[in-house]
Amino acid sequence: MLPSLCTFLRAAAALTATVHAIPQDGSWGGGWDGGSSSTSTTTSSFAVAAAASASSTASSTASAASSTSTTACNNSPDLCSRAYNKVTHMGAHDSAFLRDESTSNSIAGNQYYNATVALDAGLRLLQAQVHDLNGAIELCHTSCSLLDAGTLEAWLGDIKTWMDDNPNEVVTLLLVNSDSKDAADFGSVFSGSGIDVYGYTPSGDGWPTLQEMITAGTRLVTFIASITTDSDYSYLLNEFDHVFETAYDVTSLSGFNCTLDRPTSQDSASAAISAGLMPLMNHFKYNSLGASIEVPDADNIAITNSPDTDTAGNLGLHAQTCNSEWGTVPTFVLVDFFNEGPAITTADNMNGIDAVGRSTVAETTTTVSTSTAAPPPRNPGMGTGALVAFLVATVATLVLV
Ligand SMILES: *[C@@H]1O[C@H](CO)[C@@H](O)[C@H](O)[C@H]1NC(C)=O
Ligand SMILES: *[C@@H]1O[C@H](CO)[C@@H](O)[C@H](O)[C@H]1NC(C)=O
């Protein structure tokens, strides 16, 4: 009997974790990046990293709360008096879509750690994609049959709890509204989670300082791409009324630039900045597995997330280049696998701060997995080519953005 489609897809996603280790020129070196939990060695090496992170998170959450409650805003006293749009907010791209044991290390996953771990580690922007699932708003990656991370309401509830525990922190959400739900649908989910109480509504007089937002208790900024704004839910902001982005579909290390990609209503980055839009620098790389399949590139993550400024693809170099081209720091940055680099270092450099009250999340580098994990069992029935063909047939265009 055939497994259900859902099980089959999950298994296929786990299997394809090996696919992206294949060099682009097609030569197969037998590389293995730890993408499957099917061997005991892999499972235990992953568990050690997870346990290390869990304990460091637990102990530093307490210190974060105590050290930031009086003097620091977003992990530094220097940021309290800075305007929201002049701070670089480091963000986790597709932050709900995990490549961990909960998803059998799905290649559709863009992060090794969840949203609250990201917040503990200093990230202040969480991005995710939402879809309609039987009328509910669900966190799904491209398709709910590929990767379903649960309801938006449950995810918001976790973030709300974190914000309750960390009262001096300003958090930003960016939600991709894949099925064009309206503001009232989002509004009821936001109220259901309780997080709406923190919603910030711009006054039209420019962005306040972090301290002003904290004092007012409105320290959650929510952008939705895209939405028709509704005065009943004035804290739900249409992203491209406030933000412009650089290209998000980058497949080579030399492919990052600072050119405006969206919204198309603006001619250039400088025009967008003059119009008061805040810059969002997308900085994550995909591997192409075939004509229409792209998956997050974990293999080059040490280069992609590095704060260095000397190698094509470095996060530090991209941020420095954009800062110089734009005459202003990127307000927002989105990365995959945020704990690698670590990416937050580049935000600290842009902000010119020595951060306090933050946890360090273990870097789960692919090198570690390669050296400790045994190769996964070969799938007897499906080679790489067949698997890619299967995914193409299943999901017409699998660009996991
Ligand atoms: C996020 O992951 C951490 C560590 O694995 C876990 O303790 C925590 O419960 C998770 N948070 C949520 C909201 O699921
Ligand atoms: C910027 O980068 C994107 C993605 O790599 C590319 O498509 C675009 O052509 C680049 N623009 C310029 C002006 O180089």
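What follows is a conversation about a predicted model and the terms applied to it.

Colleague: Why is His93 called buried?

Modeller: His93 has 25 C-beta neighbours inside 10 Å, and a residue is called buried at 20 or more, so His93 meets that criterion. As for its place, His93 is in the loop between strand S1 (89-92) and helix H3 (115-120).

Colleague: Which residues is His93 in contact with, leaving aside neighbours within four places in sequence?

Modeller: They are Asn110, Gln127, Phe284, Leu334, Val335 and Asp336, and a contact here requires C-beta atoms within 7 Å.

Colleague: What makes S3 and S4 a pair of strands, and in which sense do they run?

Modeller: Strand S3 (residues 136-141) and strand S4 (residues 143-151) are joined over three bridges in the antiparallel sense, and because at least two bridges are required, they count as paired. Within this pairing His141 stands opposite Ser143 in S4, while Thr142 takes a positive phi near 70° in the hairpin, which has one residue between the strands.

Colleague: How do the residues of the shell around ligand 2 divide into nonpolar, polar and charged?

Modeller: Ligand 2 is surrounded by Ala247, Val250, Gly255, Asn257 and Thr259. Ala and Val count as nonpolar, whereas Gly is placed among the polar residues, so the shell divides into two nonpolar, three polar and no charged.

Definitions and conventions: Residues numbered from 1 in each chain as written. Chains lettered and ligands numbered in written order. Predicted model: local features only at pLDDT ≥ 70, side-chain atom pairs only at ≥ 80, totals over all residues. Helix = DSSP H or I, 4+ residues; strand = E, 2+ residues; numbered from the N terminus. Buried ≥ 20, exposed ≤ 12 C-beta atoms within 10 Å, placed from the backbone. Contact = placed C-beta atoms within 7 Å. Near = placed C-beta within 6 Å.
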